[in-house]
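Please keep the sequence and the 3D view at hand while reading.

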Amino acid sequence: MSEKQLTLDEVCTLLDKTPATIKRYARENLLSNVAEGDGYLFNEAEVLRYLEFAKRLG
């Protein structure tokens with residue numbers, strides 16, 4: 001079973017961050033991504049885990 005992948009734009013919307021910030025998170029391994037050409041794909045479950053973690057930090 002494959003897990004749902006989110007695009008950079010979808011992650012930006014979900015986390016309310018700019019594309020530059022999400023790319024930095026990927027570079028710094030705060031969010032792992034699967035590179036697709038010049039684009040980014042992120043595992044939906046991991047993005048949602050990050051969102052919950054960020055909410056707890058305030």
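A residue is called buried when its relative accessible area is under 20%, exposed when it is over 50%, and partly exposed in between, using a 1.4 Å probe and protein chains only. By that scale Lys23, with a relative accessible area of 32%, is partly exposed. The model is a predicted one, in which local features need pLDDT of at least 70 and side-chain atom pairs count only at pLDDT 80 or more, while totals for chains, interfaces and linings use all residues. Residues are numbered from 1 along each chain as its sequence is written, and side-chain values use heavy atoms, with hydrogens and water left out.

- Two packed helices are described by the angle between their axes and the distance between the axes.
- Helices (H or I, at least four residues) and strands (E, at least two) are DSSP runs numbered from the N terminus, and axes are lines fitted to C-alpha atoms, for helices over the stretch in contact, with angles running from 0 to 180 degrees between N-to-C directions.
- Helix α1, residues 8-15, packs with helix α3, residues 44-57, at an angle of about 20°, and their axes are 11 Å apart.
- This angle makes α1 roughly parallel to α3, given that angles under 35 degrees count as roughly parallel, over 145 as roughly antiparallel, 65 to 115 as roughly perpendicular and the rest as oblique.
- By class, the contact of α1 with α3 has seven nonpolar, no polar and no charged residues; Ala, Val, Leu, Ile, Met, Phe, Trp, Tyr, Cys and Pro count as nonpolar, Asp, Glu, Lys and Arg as charged, and the others, Gly among them, as polar.

**Helix α1 against helix α2**

- The axes of α1 and α2 cross at roughly 100° and come within 9 Å, and α1 and α2 are therefore roughly perpendicular to each other.
- On the α1 side the contact is made by Leu8, Val11, Cys12 and Leu15, and on the α2 side by Pro19, Ile22 and Lys23.
- Sorted by class, the contact of α1 with α2 has six nonpolar, no polar and one charged residues.
- Lys23 is found in helix α2, and, leaving aside neighbours within four places in sequence, Lys23 is in contact with Leu8 and Tyr40.
- Although Lys23 and Leu8 are 15 residues apart along the chain, their C-alpha atoms are separated by 8.2 Å.

**The largest nonpolar core**

- A nonpolar core is a set of buried Ala, Val, Leu, Ile, Met, Phe, Trp, Tyr and Cys residues joined through side-chain atoms within 4.5 Å.
- The largest such core has 13 residues, of which Val11, Leu15, Ile22, Leu31, Phe42 and Val47 touch the most other members.
- The elements α1, α2 (19-27) and α3 give two or more residues to this core, and α1 gives the most, with four residues.
- Val11, in helix α1, counts as buried at 0% relative accessibility, and Val11 lies 7.6 Å from Phe42, C-alpha to C-alpha, although the two are 31 residues apart in sequence.
- Leu15, also in helix α1, is buried with a relative accessible area of 10%, and beyond its neighbours within four places in sequence Leu15 is in contact with Ile22, Leu31, Val47, Tyr50 and Leu51.
- Leu6, in strand β1 (residues 5-7), is buried with a relative accessible area of 6%, and its C-alpha atom is separated by 8.6 Å from that of Val47, 41 residues apart along the chain.

**Two loop residues with positive phi**

- Asp16 is in the loop between α1 and α2; Asp16 has a positive phi of about 55° although it is not a glycine, and Asp16 counts as exposed at 69% relative accessibility.
- Asn29 lies in the loop between α2 and β2 (33-36); Asn29 has a positive phi of about 60° although it is not a glycine, and Asn29 counts as exposed at 64% relative accessibility.

Technical notes: Contact means heavy atoms within 4.5 Å.
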